Amino acid sequence: MSQTGTVGTPSALQNGFNKVFIQRDYSEGTAVKFHTRLPPELEGLIERHVFEGTINKLNEFFAEAEKGSCSTYCEGCIGCITAYLVYMCSETHYEKTLRKISKYIASQNERFYHPKGLQIIDPTYRGLRVIEITILDRPGRT
C-alpha cells in the first residue's frame, strides 16, 4: 500500500471493512506520538475537531506514560531489588496509563465514532505503530 503523505494509508477493503491507519509522528524523536491531521479518507465521516481532539488526548496519555518521575524510578528500583517479582502483584505506571488509554478509546468510540460508523482500534493491538480506524459497513451507506 502506498502512503498518502505521512498521515494515513489508503483504505483497504479487508473483510468488508475499510481501514485507515494513522501513522506515528517521529518529528520529535521516538516517543509514542501520532499525527493529528485528519486523513482524506475520513473527511465527511467525522468532524475535524473531534478527530484532532481524540488524537491529541492520546498523545498526551502516551507522553504521561513515558514521563520519568521519582515514583517511576523508585518503581524500577523496587522491581530490580525484588527480581521483578513485585510486578506479579502490582501494575507499573505505564500499564496503568495504557489501561486509561483503552478506557478513553472505548468512551470515544461510544460517544463519537460508533454513531458515525467508525471504530478506533487501540494502538496497543498494533504494537503502538499505528492507530487503526475501521469504517464499519452499515446498511444504507455507500
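Q: What do the buried residues of helix 3 pack against?
A: They pack against helix 1 and strand 3. Contact here means heavy atoms within 4.5 Å, and buried means under 20% relative accessible area, exposed over 50% and partly exposed in between, with a 1.4 Å probe and protein chains only. Helices (H or I, at least four residues) and strands (E, at least two) are DSSP runs numbered from the N terminus.

Q: What sort of model is this?
A: This is a predicted model, in which local features need pLDDT of at least 70 and side-chain atom pairs count only at pLDDT 80 or more, while totals for chains, interfaces and linings use all residues. Residues are numbered from 1 along each chain as its sequence is written, and side-chain values use heavy atoms, with hydrogens and water left out.

Q: Back to helix 3: which residues are buried there?
A: Thr97, Leu98, Ile101, Tyr104, Ile105, Gln108, Asn109 and Tyr113 are buried. Seen down the helix 3 axis, the buried residues fall within an arc of 140 degrees, so they line one face of the helix. The arc is that of the directions from the helix axis to the C-beta atoms.

Q: And which ones are exposed on the other side?
A: Lys103, Glu110 and Arg111 are exposed there.

Q: New topic: how many helices and strands are there?
A: The chain has three helices and four strands, arranged along the sequence as β-β-α-α-α-β-β.

Q: Is strand 4 enclosed or open?
A: Six of the six residues of strand 4 are buried, so the strand is largely enclosed by the rest of the structure. Val130, Glu132 and Thr134 are on one side, and Ile131, Ile133 and Ile135 are on the other.

Q: How does strand 3 pair with strand 4?
A: The two strands pair in the antiparallel sense over four bridges; pairing requires that DSSP finds at least two bridges between two strands. Leu118 has Ile135 in strand 4 as its bridge partner.

Q: What else does Leu118 touch?
A: Leaving out residues up to four places away in sequence, the residues it touches include Leu42, Leu45, Ile46, Asn109 and Tyr113.

Q: Which residues touch the most other members of the largest nonpolar core?
A: Among its 25 residues, they are Leu42, Ile46, Phe51, Leu118, Ile131 and Ile133. A nonpolar core is a set of buried Ala, Val, Leu, Ile, Met, Phe, Trp, Tyr and Cys residues joined through side-chain atoms within 4.5 Å.

Q: Which element gives the largest share of this core?
A: Helix 1 does, with six residues.
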